[in-house]
Amino acid sequence: MLKFMCLGSGSSGNSYFLFSENYGILIDAGIGIRTLKKHFHTYGLSLKQIKAVLITHDHADHIKSVGSLSSEFNLPVFATELVHGGIRKNYCVNPKLKAENVRIIQKEQTFCLDRFEITPFDVPHDSTDNVGYSIQYDKVNFCLITDAGHATDCFGTYIAKANYLVLEANHDENMLMMGPYPAYLKGRIKGGYGHLSNKEAACVLAEHMTEALRCVWLCHISEENNHPELVRKTIDAHLRSVGLIAGKDFQMEVLKRRMPSGIYELE
């Protein structure tokens, strides 16, 4: 059986664990290795279950511990060539990845790890490069889209395939514009290479989700410009307006910024 756990989601650190009985994939490593060990231990898991690391992009909150993880457990790290270049240059990654653990992937080209069929696809963001992942495991499809400045046509392609979806809902537009951030940062966040708002996440869900979608986890929630209940209400209201009901037609949960989600079984 396939299982999923979020270790943390937000600007303080992002990491997600997708695993079967024999093979585990860590998506992003933006949480300190000691914290990861603690969270894994709490849920009866071990970092030794991780067999590979997938990276979305090279911002510190997604790669902080990738060097130490790869070094300690001799793990291959999969990312686009541009993202690997960003990892090499990022001051927060120490130690750097060994050459033998660098794996180059290309967007829209599927590769296999154990029984996982993984397709990276483009996600617009102001990093060196950024990808989402569509992951097929037997009959289950898992998709992750985070740090997206705007929704693209390919989002719809992969959301329509998904049984389980992790989707960014970073900020409430009114909270952002009325909040304390300087103008340049507000512009960056709401721009086409920043982050998806609650309303944008709701629209992309309403347009592309299918009856096959069983659960949506909303990720990368801003601490300053959003609130879990506001996320739920905004997205639920928009979906109800097009005849979709969270909790009935599919499950919807908001991931915590600094705490594990617990383990979900993906059937």
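# Sheets, helices and one buried arginine

User: In what order do the strands of the open sheet of seven strands lie?

Analyst: The open sheet has mixed pairing, where two strands pair if DSSP finds at least two bridges between them. Strands (E, at least two residues) and helices (H or I, at least four) are DSSP runs numbered from the N terminus. The model is predicted, so local features need pLDDT of at least 70 and side-chain atom pairs 80 or more, while totals for chains, interfaces and linings use all residues. Read across the sheet, the order is E7-E8-E9-E10-E11-E12-E13.

User: Which are the edge strands of this sheet?

Analyst: From one strand to the next the twist averages 20°, with angles running from 0 to 180 degrees between the N-to-C directions of axes fitted to C-alpha atoms, for helices over the stretch in contact. An edge strand pairs on one side only, and this holds for strand E7 (111-113) and strand E13 (251-254).

User: At about what angle to E8 does helix H5 run?

Analyst: Helix H5 (residues 153-161) lies across E8, strand E9 (131-137), strand E10 (140-145) and strand E11 (164-168). Its direction relative to E8 is about 155°.

User: What is the bridge partner of phenylalanine 78 in E6?

Analyst: E5 and E6 run parallel and are joined by four bridges, and the β-α-β crossover that takes the chain from E5 through H4 to E6 is right-handed, that is, clockwise from the first strand over the helix to the second when the strands point away from the viewer. Strand E4 (residues 50-54) also pairs with E5 in the parallel sense, over two bridges, with leucine 54 opposite phenylalanine 78. In E6, threonine 80 faces isoleucine 105, while the bridge partner of phenylalanine 78 is arginine 103.

User: Which residues in helix H4 are buried?

Analyst: Buried means under 20% relative accessible area with a 1.4 Å probe, protein chains only, and in E5 this applies to Val77 and Ala79 on one side and to Phe78 and Thr80 on the other. The buried residues of H4 pack against helix H2 (60-63), helix H3 (66-73), strand E5 (77-80) and strand E6 (102-105), where contact means heavy atoms within 4.5 Å. In H4 (residues 81-89), the buried residues are Val83, His84, Gly85, Gly86 and Ile87.

User: How are H1 and H3 placed relative to each other?

Analyst: Ile33, Leu36 and Lys37 in H1 meet Ser68, Leu69, Glu72 and Phe73 in H3. The axes of helix H1 (residues 33-42) and H3 come within 9 Å and cross at roughly 65°. Angles of 65 to 115 degrees carry one label, and H1 and H3 are therefore roughly perpendicular.

User: What is the relative accessible area of arginine 257?

Analyst: Arginine 257 is placed in the loop between E13 and strand E14 (264-266). Leaving aside neighbours within four places in sequence, arginine 257 is in contact with Gly8, Ser9, Gly10, Ser11, Ser12, Gly13, Ile221, Ser222 and Glu223. Its C-alpha atom and that of isoleucine 50, which is 207 residues apart along the chain, are separated by 22 Å. Arginine 257 is buried, because its relative accessible area is 13%.

Key. Residues numbered from 1 in each chain as written. Heavy atoms only, no water. Buried < 20%, exposed > 50% of the residue type's maximum accessible area, 1.4 Å probe, protein only. Parallel < 35°, antiparallel > 145°, perpendicular 65-115°, else oblique.
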